[in-house]
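Keep the structure open while you read.

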Amino acid sequence: MNRILIFIEQTENRRILAEWLGRSYEVVVGESAVQAGKAVPLLNEPFDLCILDGPALHHSWEWVQARKQAEQPVFLPVLLITLHSDVKLLTRHLWQTVDELISKPIEKLELQARVEMLLRSRRLSLKLQAALEQERELKELKSRFVSMVSHEFRNPLNIISGFTRLLEQHDLPSERRTDFSQRIQAAVKSMTALLDDVLAFGKVETSALADNATVLAIEPFCRKLIEEIKVGMGSNHTFQVDCEDECFTVRVNEALLRQVLTNLLSNAIKYSAPQSTVRLKFQCQAEVAIFQVQDEGIGISPTDQVRLFESFYRASNVGKIPGTGLGLAIVKQVVEQAGGTISVSSEVNVGTTFTVILPIGK
Ligand code: ATP
Ligand code: MG
């Protein structure tokens, strides 16, 4: 329901107006607003139209102007009730505050018509603002999506570049050659899948990452993934994979797991010294799989841990290590879309452990 604020000095007029308008609108009577110092309690109340008379406008035009200003670009209408003979007394700044006039004696029907017209302009203006806001949000979503896609392109590109380098070795046995070219093809395939997501932009939230669980042999999957990441990043870290027996096969979404682990493992490599150890641990519980990636790297301070999953946020101790600050934000988004959680525990200069808990299908 539209809310109308009335500032009328003359008591009887105020009462009649409030009664007329009170039948169709929510009416707030600003008795105190015309008396300096007492206006404060009303100042923050929202309203859709302000109706005032000459004396009230004279006292509170600055406040009215400030309220109009604060609502911009949304239109906040002000209707002035005045004597026909007083119209010429209105000064320029008062004119600028008022959007419509009605002269006394007031005709009930005319008042209603003017109130309705002003409220309609207000509603249109609010609608326009909401549409603009939606447009802005969509633009932001698009640019976030573009950043995310470009970020996720880097991993398969690294794999292609790494394995192409390895293929150049002369004395490569033919089975190794076949294996390397298969990995390059797999990386190209994952880039194509990503492109399909870009083309189906609107469907990104429900993309293949969220569904399509398959039965996956965890340990071989991880070893292969680690090798690809090592080649892609040129890393000489030592990797340890701890996998509980029951975890041997799990029903999970392979693309999602690949995306999550690739980001966490490449962070572990990037933020720890060459030749240090990176551990990948799996546990299965009744309905969830728990994945942990642990490193012996630079660690993350408690202050930075709070904001770590925000897009583009990077901790203060990254120094010259390159990065965009998007990986963890993407990981958090896809993990939560799949009904899982991600958490971090870390100590500066000791190491970091990321724990991902994912629901697993039966
Ligand atoms: P990119 O977008 O290329 O992945 P990034 O690695 O900087 O860049 P995130 O993966 O989102 O971005 O990580 C955010 C920040 O969290 C990093 O900049 C780094 O400060 C910190 N961080 C993440 N993982 C680790 C880790 N294993 N050890 C120490 N700091 C880490
Ligand atoms: Mg990263």
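Which backbone oxygen does the side chain of Gln305 reach at 3.4 Å? That oxygen belongs to Ser346. The model is predicted: local features need pLDDT of at least 70, side-chain atom pairs count only at pLDDT 80 or more, and totals for chains, interfaces and linings use all residues. Residues are numbered from 1 along each chain as its sequence is written, chains are lettered from A and ligands numbered from 1 in the order in which they are written, and side-chain values use heavy atoms, with hydrogens and water left out.

**Helix α8**

Gln305 sits in helix α8. Helices are DSSP runs of H or I with at least four residues, strands are runs of E with at least two, and both are numbered from the N terminus. The Gln305 side chain also reaches the backbone oxygen of Ile300, at 2.9 Å. Both are polar contacts (a pair of N or O atoms within 3.5 Å; within protein, one must be able to donate a hydrogen and the other to accept it, and residues adjacent in sequence count only if both atoms are side-chain atoms). Gln305 is buried, at 18% relative accessible area. Buried means under 20% relative accessible area, exposed over 50%, and partly exposed in between, with a 1.4 Å probe and protein chains only.

Val306 is in helix α8 too. Val306 is exposed, at 69% relative accessibility.

**Salt bridges**

Side chains of opposite charge can pair when their charged atoms come close. The structure holds 21 salt bridges. In each, a side-chain nitrogen of Lys or Arg lies within 4 Å of a carboxyl oxygen of Asp or Glu. The table lists three of them.

| Salt bridge | N to O distance | Relative accessible area |
|---|---|---|
| Glu116 and Arg123 | 3.5 Å | Glu116 33%, Arg123 35% |
| Glu227 and Arg183 | 3.0 Å | Glu227 28%, Arg183 6% |
| Glu296 and Arg279 | 3.8 Å | Glu296 39%, Arg279 24% |

Take Glu227 and Arg183, which form a salt bridge at 3.0 Å. This pair links distant parts of the chain. Glu227 is in helix α6 (residues 218-233), Arg183 is in helix α5 (residues 174-199), and 44 residues separate them. Glu227 is partly exposed, whereas Arg183 is buried. Both residues belong to a salt-bridge network that also includes Asp179, Glu228 and Arg258.

Now take Glu296 and Arg279, bridged at 3.8 Å. Glu296 lies in the loop between β10 (288-295) and α8 (302-307), while Arg279 is in strand β9 (residues 277-284), so the pair ties together parts 17 residues apart in sequence. Glu296 is partly exposed, and Arg279 is partly exposed as well.

**Ligand 1**

How many residues surround ligand 1? There are 22, and the closest are His151, Tyr271, Arg314, Thr324 and Leu328. A residue is near the ligand if one of its heavy atoms lies within 4 Å of it. The shell divides into 10 nonpolar, eight polar and four charged residues. Here Ala, Val, Leu, Ile, Met, Phe, Trp, Tyr, Cys and Pro count as nonpolar, Asp, Glu, Lys and Arg as charged, and the others, Gly among them, as polar. α4 (108-167), α7 (254-270), α9 (327-337) and β12 (351-359) each supply at least two residues of this shell.

A polar side-chain atom of Tyr271 lies 2.8 Å from one ligand oxygen. For Lys270, a polar side-chain atom is 3.0 Å from an oxygen of ligand 1. Gly327 uses a polar backbone atom, 3.2 Å from a ligand oxygen. The protein covers 98% of the 590 Å² of accessible area that ligand 1 has on its own. Accessible areas come from the Shrake-Rupley method with a 1.4 Å probe, and for residues only the protein chains shown count as cover.

**Aromatic pairs**

The structure holds five aromatic pairs. Rings of Phe, Tyr and Trp (its six-membered ring) pair if their centres lie within 6.5 Å; planes under 30 degrees apart are stacked, over 60 edge-to-face, and the rest tilted. Phe163 and Phe180 have ring centres 5.2 Å apart and planes at 50 degrees, so the pair is tilted. Phe163 is in helix α4 and Phe180 in helix α5, so the pair ties together parts 17 residues apart in sequence. Phe163 is buried at 0%, and Phe180 is buried at 1%. Elsewhere, ring pairs link Phe7, Phe47 and Trp63 into a cluster.
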